[in-house]
2 protein chains.
Amino acid sequence: MTTRTRRDVPSTALLTDHYELTMLRAALADGTAHHRAVFEVFARRLPEGRRYGVVAGLGRVVEALADLRFDDDQVAWLRATGVVDDRTADHLATYAFTGSIDAYREGEVYFPHSPVLTVRGTFAQCVVLETLILSILNHDSAVASAAARMVTAARGRTLLEMGSRRTHEHAAVAAARAAYIAGFDATSNLDAGFRYAVPTRGTSAHAFTLAHVDEPAAFVSQVATLGAGTSLLVDTYDTAQGIRNAVAAAGTHLGAVRIDSGDLADEARRARALLDSLGATSTRIAVTSDLDEHAIAALADAPVDTYGAGTRLVGGSGHPTAGMVYKLVAIADAPGPHAPLRPVEKTAAGKGSMGGRKIAYRALDDQGGATREIVVRHLPGAPGAGPGRALQTAVVRDGHVVHDPGLAEIRAHHRAAKAELTATDLDLAPGTPRLTADPTDIGNLMGATA
Amino acid sequence: MTTRTRRDVPSTALLTDHYELTMLRAALADGTAHHRAVFEVFARRLPEGRRYGVVAGLGRVVEALADLRFDDDQVAWLRATGVVDDRTADHLATYAFTGSIDAYREGEVYFPHSPVLTVRGTFAQCVVLETLILSILNHDSAVASAAARMVTAARGRTLLEMGSRRTHEHAAVAAARAAYIAGFDATSNLDAGFRYAVPTRGTSAHAFTLAHVDEPAAFVSQVATLGAGTSLLVDTYDTAQGIRNAVAAAGTHLGAVRIDSGDLADEARRARALLDSLGATSTRIAVTSDLDEHAIAALADAPVDTYGAGTRLVGGSGHPTAGMVYKLVAIADAPGPHAPLRPVEKTAAGKGSMGGRKIAYRALDDQGGATREIVVRHLPGAPGAGPGRALQTAVVRDGHVVHDPGLAEIRAHHRAAKAELTATDLDLAPGTPRLTADPTDIGNLMGATA
């Protein structure tokens with residue numbers, strides 16, 4: 001099959017907004033392009049009712065930057081369509097990011113105004129990264145933040161991510177990765193397994209049952225191929241009869257039954273009683289069907305072993321974007337590595353930003369609980385020890401990646417960071433963040449520190 | 001920069017759920033894999049309060065199917081991780097879709113239970129397409145459905161899509177394409193321009209102003225490079241002074257000013273009065289900042305020329321997925337092209353499906369207004385003329401693409417289909433779909449026809 005559109009272009013260079021390149025064009029013309037600059041990523045607020053957020057996507061940012069090159073076709077297209085002029089086209093043809101990035105580790109907890117990621121380099125180097133970095137962090141953090149709440153709700157029961165069909169086909173892969181970072185046990189998405197080694201799971205859908213002459217035939221076939229430890233989907237016709245057919249096909253060592261419809265608490269209780277009466281006492285019960293953290297919490301007393309979350313998870317449980325922004329906070333007024341940086345800030349109503357490069361610490365009490373998000377102006381030669389746990393880590397130095405942990409390490413960091421939160425922070429009910437790094441605090445603390 | 005994960009794999013084969021391949025494995029073992037089958041895509045309901053939906057993504061489905069091949073690395077990984085056995089691995093290594101697809105045209109309007117897309121082929125051929133097809137249609141249709149409402153709200157004023165930073169970096173490209181299909185004028189996303197020839201637009205952000213010693217310097221620079229017809233962002237510091245600086249820099253033929261904060265109706269009125277008083281009577285006013293169809297409609301009386309929609313658009317205006325499902329509706333009980341098809345249906349509570357392959361017509365009144373969504377069982381050799389406008393068109397025949405229109409044709413089709421709707425259908429207030437093709441109707445009509 002052939003199609004008319006361009007495909008197979010792995011470069012990430014055009015996954016960006018038109019205005020990044022027109023700004024670059026004007027900045028190359030007036031020289032600002034060569035002034036060193038500092039941009040910061042932060043969220044002015046968390047989604048309504050949320051008490052904390054979870055950073056995800058940093059590893060994908062690093063990947064995307066490695067693929068950020070403008071190939072010949074892309075440059076020619078930009079020139080032909082008038083997006084850029086010759087000078088800008090020449091600049092883009094040799095673009096590679098050679099600046100530095102510091103960031104909250106992936107899996108870290110964040111709050112309003114936390115300086116989640118800081119980019120330093122020339123204005124020309126930094127300005128073209130805005131859209132790509134925000135797309136990745138906003139999507140992945142939205143999913144991870146929702147996933148973390150579902151993990152809390154599940155109280156140690158198994159959680160599977162299975163929302164691929166309810167989101168863009170590539171967003172699905174990133175969502176699986178983000179959910180795993182936040183503590184999900186596995187995903188249905190195979191590409192997430194192939195690319196990121198996220199554990200994958202899956203057995204069968206209603207179509208498999210419907211494709212056979214009757215349910216017993218389907219179950220016998222599935223068990224013959226996948227073994228008695230498989231999970232049988234029992235609600236295609238009648239759930240009780242489905243469970244009887246499942247145990248008849250697999251025996252009492254059947255791995256699990258999955259229920260995808262009806263009142264899940266009632267269905268799970270009936271299923272447990274029936275399974276037990278049939279001697280399948282170790283057979284697990286998995287439920288799926290539009291689960292979010294509240295639905296999962298409501299099933300706490302039901303005999304459910306595994307939750308599958310899809311639609312609501314990949315949609316950030318009602319908040320599909322984290323709302324982070326990428327703002328210039330300092331710039332030099334002359335080219336060269338030694339020109340002094342001038343803090344800059346926007347004063348537009350409701351969209352202000354605080355000037356100057358900032359770093360952040362999380363103050364902890366004697367029991368290791370988080371007590372405060374402390375944001376201070378970065379000072380050259382500042383002492384290494386700060387007023388708490390340092391939240392930013394060096395990710396890229398002069399274009400070289402210096403921090404690229406595996407998912408096991410990222411998951412461990414998330415668990416540790418989440419363990420610093422209180423029961424109030426973890427409450428699923430709508431609330432306001434107990435910790436915040438709002439500009440007023442920043443100003444005061446900066447004053448105290450500087 | 002180098003990273004640890006696998007990239008640059010253009011194949012779409014693993015953008016799917018684990019269970020599609022375990023079902024295939026069991027079906028290959030028991031022979032069902034070789035039975036011909038019919039799967040249908042439909043939505044049981046529209047998002048809460050929506051009166052119609054817009055199909056988008058079909059062109060991307062065709063692209064994705066062209067890239068659906070299992071390469072050696074993927075097959076080896078599937079085998080090594082135990083997702084598939086040797087027989088299934090051998091099958092996948094030579095997989096190519098050679099079946100047929102019929103679908104509602106891209107840009108078409110749809111309702112609950114409309115048979116949006118039908119796939120025919122062997123069970124093995126069809127079952128592996130479920131996740132990929134749903135991911136694409138659910139995402140793109142959610143965005144197009146929201147975009148169509150914003151187009152209604154804008155009443156002919158210019159609409160720009162600029163939500164790239166608020167969604168996954170590749171979803172952003174698809175969202176730009178979907179919004180354009182539904183009538184948006186342009187996008188900020190460059191990759192949508194490069195890949196799909198969607199018109200792109202963009203000038204500058206607050207960072208450009210902040211990067212200069214003062215706002216006049218930034219505006220003079222932008223105008224020097226982009227010309228007086230550019231759009232100047234005037235709300236970095238003080239909007240009134242920003243407008244004065246803009247006209248001073250560009251003259252009275254300044255193209256546009258953009259306002260991104262504050263009460264947009266008030267700001268637009270003040271901006272219009274000030275621009276007029278400065279003689280810039282033809283300078284347009286663009287507003288951006290979390291606009292959705294309701295915010296756009298509320299600005300109908302304000303002197304706004306251009307709306308930029310981002311966050312809410314790419315999130316489907318509160319409904320980021322269209323909720324379509326992919327269901328087996330008929331299968332043969334023996335292999336081969338002539339074995340008769342048996343209609344199948346699921347009877348689970350609230351998740352029933354109606355068996356048998358169906359086709360759909362839209363009945364129209366004398367003025368060309370839509371009066372009914374008529375869904376009838378497909379009968380071999382059925383007459384070409386139906387009870388209204390035929391809604392499904394042949395897209396793939398025996399693995400060959402036979403329908404791959406350009407975006408101009410798709411946009412025209414959308415305009416024509418939307419023109420068949422009534423003011424009630426287009427009302428932005430929450431409501432229920434006037435047209436529906438619910439299973440009861442289908443049953444009756446099928447009875448009448450068959």
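A:H18 belongs to helix α1 of chain A, which spans residues 18-30. In this predicted model, the residue is buried, at a relative accessible area of 8%. Its side chain reaches a partner in chain B, with a polar contact of 2.8 Å to the side chain of B:T200.

**Around A:H18**
- Beyond its neighbours within four places in sequence, A:H18 touches A:V83 in its own chain, and B:S188, B:L190, B:T200, B:R201 and B:G202 in chain B.
- A:H18 counts as buried because its relative accessible area of 8% falls under the 20% cut-off.

**The sheet in chain A**
- Here is an open sheet of seven strands, with antiparallel pairing and the order β13-β12-β1-β5-β3-β17-β18.
- At its edges lie β13 (341-343) and β18 (400-401), each pairing on one side only.
- Inside that order, β3 (residues 100-104) and β17 (residues 392-397) of chain A run antiparallel and are joined by four bridges.

**Cysteines**
- A disulfide is a covalent bond between the sulfur atoms of two cysteines.
- Over all chains, the number of disulfides comes to zero, going by a sulfur-sulfur cut-off of 2.5 Å.
- A:C126 is buried, with a relative accessible area of 0%, and B:C126 is buried too, at 0% relative accessibility.

- A:S289 is not a glycine, yet its phi is positive, near 140°. It sits in the loop between β10 (284-288) and α13 (293-298) of chain A.
- With a relative accessible area of 24%, A:S289 is partly exposed.
- B:D290, also not a glycine, has a positive phi of about 55°. Its place is the loop between β10 (284-288) and α13 (293-298) of chain B.
- B:D290 counts as exposed because its relative accessibility is 51%, which is over the 50% cut-off.

Key. Residues are numbered from 1 along each chain as its sequence is written. Chains are lettered from A and ligands numbered from 1 in the order in which they are written. This is a predicted model: local features need pLDDT of at least 70, side-chain atom pairs count only at pLDDT 80 or more; totals for chains, interfaces and linings use all residues. Side-chain values use heavy atoms; hydrogens and water are left out. Helices (H or I, at least four residues) and strands (E, at least two) are DSSP runs, numbered from the N terminus. Buried means under 20% relative accessible area, exposed over 50%, partly exposed in between (1.4 Å probe, protein chains only). A polar contact is a pair of N or O atoms within 3.5 Å; within protein, one must be able to donate a hydrogen and the other to accept it, and residues adjacent in sequence count only if both atoms are side-chain atoms. Contact means heavy atoms within 4.5 Å. Two strands pair if DSSP finds at least two bridges between them.
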